[in-house]
Amino acid sequence: MNVLILDGGPRDGRGAACRVVAAAAADWARRRGHAVAFLSPDGMALEPCRSCFACWVKHPGACAIRDDAEAIVRAAAAADLMVWITPVTFGGYGPALKRALDRVLPILLPDFIVRRRETRHPLRYVRRRALVVLGTRPDPDPEAERIFHRLVARNALNWDSVHSASHVVTERDESGSAGRVEDLLRAAEEAL
Amino acid sequence: MKALLIVGSPRGQASASRALGGYLLRRLRASGLDVEEAAAGAVLGSPERRHALYKASDEADIVIVSFPLYVDQLPAPLVQALELLAERRRGAMGLTPWPGPFEQKLAAIVQSGFPETSQNLVAVDIMRQFAKEAGFRWAGGLALGMGGAVGRRPLEKAGGRLRNVVKALDIAAASLAAGGDIPDGAAALMARPLMPFWLYRAAATWGFRRRIRKNGARTPRRPT
C-alpha cells in the first residue's frame, strides 16, 4: 500500500506537535511494510496556486508552475492512504498544508458532476483511497474542532474516499496521541 | 468610520472576489465611510505592505474579507495573511499587539465555482472562528455559488442575472454603514441560485471542454 504523509506544520517551533504526530504515522506505516512518501510542504518550494486552470485546459494534469508541487501531485495520485497533518488554523488547515492542497488541482478533471448530491469535479486518476487528517492545537477548542471535522469530511468527498477520519491532538495530550493515531490508520488500512 | 477590504483571491484585482468586495466597499464609501483595500497575496511578499495591513486593520471599524473557495476553504495566501494578523493582534512572535480597545467588526464574502451555496459554509465558519481568535466581532457572511457567473467587471455594469447579488450587497452595505451586521435577508438573497443547477453544470463543463479543444490539449492518463 502506498501511504502519503504530508506534514503540514511549520518548520519552526510551532510545528513541533505536527512533527511528533507525523513521525508516529510514518513509524506505523513503515512497521506495516507500506511504501511511505513523507513530504513537508513548509520546506518545499511551493508557489501559491494562481487559479489559471492551465492544468485543466492547456496541459491537462500538469501545473503551469514548475516547482516542488509536482512531487506532491505524483505522490497523491499514487497514494492509497493519504495522511495529512496540520495545525488547526481557525478550524481549517495551516498555510503550508493548504498551499500544497491548492496545488493538487491537476489531479481533478474540469467536468462538473454530481457526487452524493453535490457538484464535484471527477478525479483524473481514479483509485480506492482513504484519507486521515490529524490536526494539532495548543488547547482544546470545541468549535474549531467541529469546523475541522466538517472540513475533512468535505475534502474526503472531493477525493471520493472510501474511508476518512479526522482527529485533533491537543499539545498537552501529545504523548498519548500515538496510540490514537495508530487506531485511525489501522481502520483506514482495513477499509482499503 | 473606516472600512478595510482584504481581497483573498490570488487573481487580485482581476477576480470575482474583488468585483464583489469592491462593490460593497464603494457602497460603504457612498455612505460616508473612509475605505481602504489590500490584497492578501501582495501582503505576504512585502514587509512594508504587511505593516500597512496591520495599520489599516488597527484603524478599521469594519474589515471585509472577500475570497474564492479553494478546496472547501480559504486560499493558502489568505490563510497565511490572516494567521499573521491574528498573531499580531494576540502579540505573539514578539510582534506589537493590537492596541485596541474599540470594537471592530469582521464580515466575509465567499464565492465558489460550484452551484451550491452550501459548499461555502465551512469557509464562512472558518472566518467566524478567525474573528473570534483575532478579537473581531463577527458581523456575518455572504456566500455565493456559481461565482464564475460574476466575472471580473464592476457589478455596477452587471446584468439582470446578478440583480439579487447586487441587492444583497446593497442591503449589507446599508446595514454595516448604519452600525449593524449583515442581515439574514442579505445572506438569503445572495444564496439564491443564479440559474438552475443542471444548467450551470452543463454550461461550466462545456466551457472548460471548449477551452481544452481550443488549446489542442489532451488528457494524459498519468501525471507527466
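I began with the chain interface of this predicted model, where 49 residues of chain A are in contact (heavy atoms within 4.5 Å) with 49 residues of chain B. Local features need pLDDT of at least 70 and side-chain atom pairs count only at pLDDT 80 or more, while totals for chains, interfaces and linings use all residues.

I looked up the area buried between chain A and chain B (accessible area, 1.4 Å probe, lost on putting the two parts together and summed over both), and it is about 4300 Å², with 57% given by carbon and sulfur atoms. Val57(A), Phe90(A) and Phe112(A) supply 19% of the area that chain A buries against chain B, more than any other three residues.

I then turned to salt bridges (a side-chain nitrogen of Lys or Arg within 4 Å of a carboxyl oxygen of Asp or Glu), and the rule finds eight across this interface. In one, Glu143(A) pairs with Arg128(B), with the closest N and O atoms 3.0 Å apart.

Last, I checked cavities (sets of points on a 1 Å grid over the protein atoms alone where a 1.4 Å probe fits but cannot get out), and the structure holds two of 30 Å³ or more.

Methods:
Residues are numbered from 1 along each chain as its sequence is written. Chains are lettered from A and ligands numbered from 1 in the order in which they are written. Side-chain values use heavy atoms; hydrogens and water are left out. On a 1 Å grid over the protein atoms alone, a cavity is a set of points where a 1.4 Å probe fits but cannot get out, and a pocket is an open set with protein on both sides within 12 Å along at least five of seven lines; lining residues have an atom within 4 Å of a point. Grid points are joined across faces, edges and corners, and a volume is the space filled by probe spheres set on the points.
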